[in-house]
Amino acid sequence: MTIPVSPQRVSSVTKSARRIQGAMALFCAFALACGPAQALDATAQAYHERSFILAANAKCGLFDASVEQALGAAALQTRGVLLRAGHETAQVGAVASRAMGQGRAVSCGDPVLQETSGRILHAFSRWSRAARLEFPASNMSWRVDRFSGSKTGWRMVQDSGVGTASVRFGLAGVSPEETRPTVVVSFRGKSRPYAARLVMRDVDLLPRPHAVNAGQAQMPPFSGRKAIFAARQMDAPETLLGEGKRRGEAWEFPQEAMMRLTQLDPREPFWIEFLFRDDSVARVPFEAGDAGAAKAFLGLGAV
């Protein structure tokens, strides 16, 4: 049996498909003009599609909260990839704004939207159930673990070091829902720091990253930095120590610390500084990377 389809219906579907395909073409043209085309093409298309479908979801209620949050985390991650590839913040933001405008304008009954949302629902329903993911940046990465346990463990962590000391920073807790910003360090010898602080760009004073060059930003001058001191120090649980380490110190920060880190540009550095009584400072470099995406993924809760 053949179901007749009116010419008007065919025309409507065709125009709808052309609108979305045209939007994709605009984004791809942007990517080709601004950076290494072959490497960015897939990421550029994914960023456009995720920005578009997030806006359409806000209008039409296409997904449940877990899929929406997973999609938001993935959109943040693709944005970070584009920025680290050398694209300007304003350019990437303009493309996202255009895609979101198209998402807000599309009809909720649009057949192409329904097909796209079904495909995304299938992909991100599986992604949202992942227990562990790594969010790589330029030289470091955030590792996320959504398991719960009876002991404190790293739920989101990045590794660095200073001298011979290994240093880990991230969110530690017994579950994804109960975490605290924490740094763990294993210094050799008897000298121990009396304080630890997290240093980053002050987003309230400087709305844009400082001195971006070749996809990397620099720490701003002293007057543009924000320092947050650790509120508590203790012996580090074995579950938080680096590989091969038997002991170390843990310093806990206020929740504000991670909130501010997620507001940084993914190309930016931040530091953990340990202060010693002889007035020396041990500075440990870290990368903001996709902290926002990693924290959003962790926010999906325990698996």
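Begin with the open sheet of 7 strands, ordered β1-β2-β3-β4-β5-β11-β10 with antiparallel pairing; strands pair if DSSP finds at least two bridges between them, and helices (H or I, at least four residues) and strands (E, at least two) are DSSP runs numbered from the N terminus. This is a predicted model, in which local features need pLDDT of at least 70, side-chain atom pairs count only at pLDDT 80 or more, and totals for chains, interfaces and linings use all residues. Residues are numbered from 1 along each chain as its sequence is written, and side-chain values use heavy atoms, without hydrogens and water.

Select β1 (132-136) and β10 (232-235) next: each stands at an edge with a single partner strand, so one side of each has no neighbour in the sheet. Neighbouring strands here are turned by 20° against each other on average, direction ignored; axes are lines fitted to C-alpha atoms, for helices over the stretch in contact, and angles run from 0 to 180 degrees between N-to-C directions.

Within β2, Asp 145 is the bridge partner of Arg 132.

Now display helix α7 (residues 291-298), which lies across β1, β2, β3 (153-162) and β4 (165-175) and runs at about 5° to β2.

Finally, select helix α3 (residues 65-84), whose axis comes within 8 Å of that of α7, crossing at roughly 165°. The two helices are therefore roughly antiparallel, a label for angles over 145 degrees. In their contact (heavy atoms within 4.5 Å), Gln 69, Ala 73, Leu 76 and Gln 77 of α3 meet Gly 292, Ala 293, Ala 296 and Phe 297 of α7.

Methods. Parallel < 35°, antiparallel > 145°, perpendicular 65-115°, else oblique.
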